Amino acid sequence: MALNENEKINEIDVNELDCRDTKTFWEKFGNIFRSKSLWMLHYCTGCGAIELPPTMTSRFDMERFGMGPMATPRQADVLLITGYLSVKTLRRVIYTYEQMQTPKYVVGFGSCTLNGGIYYDSYAVISRLDYYLPVDLYIAGCMPRPEAVMNGFRTLLDMINKGDAQGWKRYLKYNDWYKRNQIRALGEVYVKDEFHE
Amino acid sequence: MNSMNDIINDLKNKFNPINFDIVSEKQFAIDVENEELQSILAYLKAQGWKQLTLLTCIDWIKENKFQLVYIIYNWDNPITINVRTKIDRDNPKFRTITSIYPGAEYYERDVHEFFGVEFEGNEKSKKPLFLELWDDIPPLRKDFDPLAYSKKKFDVRDYKVDFIPKEGEAE
Ligand code: SF4
């Protein structure tokens, strides 16, 4: 099939892209390695998390991408948020995200993180995640099948490799905006824990 | 005193229940006056209904009443009893049953948080349990509008309404 007019590759465009590329050699180098070994922290709040066991285990085997599950935020690179977030969980998720080391990436999983899903009119469930945390990638579906999850992870790896997954930089740059949204929905982000008071 | 009918007759003799509802083979409901609720629960506990499975509330907004439902269970004689009573919706106050079932403390906090019922004698019942920093009327009352609250509190995603493909676009 012939390429149509605006899809044609010509030399001038390629050069222009190269000239506009401001990343240093080491940044590119780092991005390649980052995309090859990711630890994933999964904050499984909703029903969609049931698709993760087959994704991680032998059926679809997530580890062949160089991704593995991680139990602690400080050692993790990817924060996978599966499903609806009530205001109560959002508070904990923000804590978790802020404990992670940069570079860190957020993946929203399922339609509940996208637009509230079937809980769009609930008094306790937030309607979209990217107002409160910088989401690098959404995996749509209610719930997404393991194939979709794997496809999403591949896209994330490509984005990291190319340096497009910049959510953590956005969170630093527009921190005021994120904090304002968080306060608006939560009142305050501080977690009260009556059992340890 | 094993079959459900025996238990019902026994309760009819000892108390003045308003009404009985047979829910299923092993479950029945009994409606009582506010004053009798404590004594009937205490009596049933002594008879073996040792477990308070649930304490919850139903909002009968047209009648202007809250109905408190105490579901109790007997491990030796597997019959579930729902003991129910109606209280005034405008001034929802009731006595605590923590002296009979100490575990009711948390259920009473729950009902206070979601319906606004006050439980006298349980000084912890006003402590928040699930909702952190709640700032509206209790959310499970029928006159609370969750959609309006959600719109006011949480930002929603805007979608383009125009999905008609332009010429030459995917068909
Ligand atoms: S998107 Fe669907 S599957 Fe996922 S948490 Fe929401 S309701 Fe459950």
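Visitor: Which side chain makes a polar contact with the side chain of R91(A)?
Guide: The partner is the side chain of E132(B), at 2.2 Å. A polar contact is a pair of N or O atoms within 3.5 Å; within protein, one must be able to donate a hydrogen and the other to accept it, and residues adjacent in sequence count only if both atoms are side-chain atoms. This is a predicted model, in which local features need pLDDT of at least 70 and side-chain atom pairs count only at pLDDT 80 or more, while totals for chains, interfaces and linings use all residues; side-chain values use heavy atoms, with hydrogens and water left out. Residues are numbered from 1 along each chain as its sequence is written, and chains are lettered from A and ligands numbered from 1 in the order in which they are written.

Visitor: Is R91(A) buried or exposed?
Guide: R91(A) is buried, with a relative accessible area of 1%. Buried means under 20% relative accessible area, exposed over 50%, and partly exposed in between (1.4 Å probe, protein chains only). R91(A) belongs to helix α4 of chain A, residues 87-99. Helices (H or I, at least four residues) and strands (E, at least two) are DSSP runs, numbered from the N terminus.

Visitor: And what is R91(A) in contact with?
Guide: Leaving aside neighbours within four places in sequence, R91(A) is in contact with L186(A), E188(A), V189(A), Y190(A) and V191(A), and with E132(B) and L133(B) of the other chain. Contact means heavy atoms within 4.5 Å.

Visitor: What does the side chain of S150(B) reach?
Guide: It reaches the backbone oxygen of Y120(A), at 3.1 Å. S150(B) is in helix α4 of chain B, residues 146-153, and is buried at a relative accessible area of 1%. Not counting residues up to four places away in sequence, S150(B) touches Y120(A), D121(A), S122(A) and S127(A).

Visitor: Switching topic, which residues surround the ligand?
Guide: They are G46(A), C47(A), G48(A), G83(A), Y84(A), G110(A), S111(A), C112(A), I118(A), C142(A) and M143(A). A residue is near a molecule or strand if one of its heavy atoms lies within 4 Å of it.

Visitor: How many residues of that shell are nonpolar, polar and charged?
Guide: Six are nonpolar, five are polar and none is charged. Ala, Val, Leu, Ile, Met, Phe, Trp, Tyr, Cys and Pro count as nonpolar, Asp, Glu, Lys and Arg as charged, and the others, Gly among them, as polar.

Visitor: What kind of peptide bond joins C142(A) and M143(A)?
Guide: That bond is cis, with omega about -5 degrees. M143(A) sits in the loop between β5 (137-139) and α6 (146-162) of chain A. The bond from T102(A) to P103(A) is also cis, with omega near -10 degrees, and P103(A) is in the loop between α4 and β4 of chain A.

Visitor: Where does Y105(A) lie?
Guide: Y105(A) lies in strand β4 of chain A, residues 105-109. Y105(A) is buried, at 3% relative accessible area. Y105(A) touches residues including R34(A), L38(A), D77(A), I160(A) and W168(A). From Y105(A) to I160(A) the separation is 55 residues in sequence and 8.9 Å in space, C-alpha to C-alpha.

Visitor: How many helices and strands has chain A?
Guide: Chain A has eight helices and five strands. Of its 197 residues, 45% count as buried.

Visitor: Over in chain B, in what order do the five strands form a sheet?
Guide: The order is β1-β2-β5-β4-β3, in an open sheet with mixed pairing. β1 (19-24) and β3 (51-60) of chain B stand at the edges with a single partner strand each, so one side of each is left without a neighbour in the sheet. From one strand to the next, the twist averages 20 degrees. Two strands pair if DSSP finds at least two bridges between them.

Visitor: How many bridges join strand β4 to strand β5 of chain B?
Guide: Nine bridges join β4 (residues 65-73) to β5 (residues 80-88) of chain B, and the two run antiparallel. Within this pair, L68(B) stands opposite T85(B).

Key. Axes are lines fitted to C-alpha atoms, for helices over the stretch in contact, and angles run from 0 to 180 degrees between N-to-C directions.
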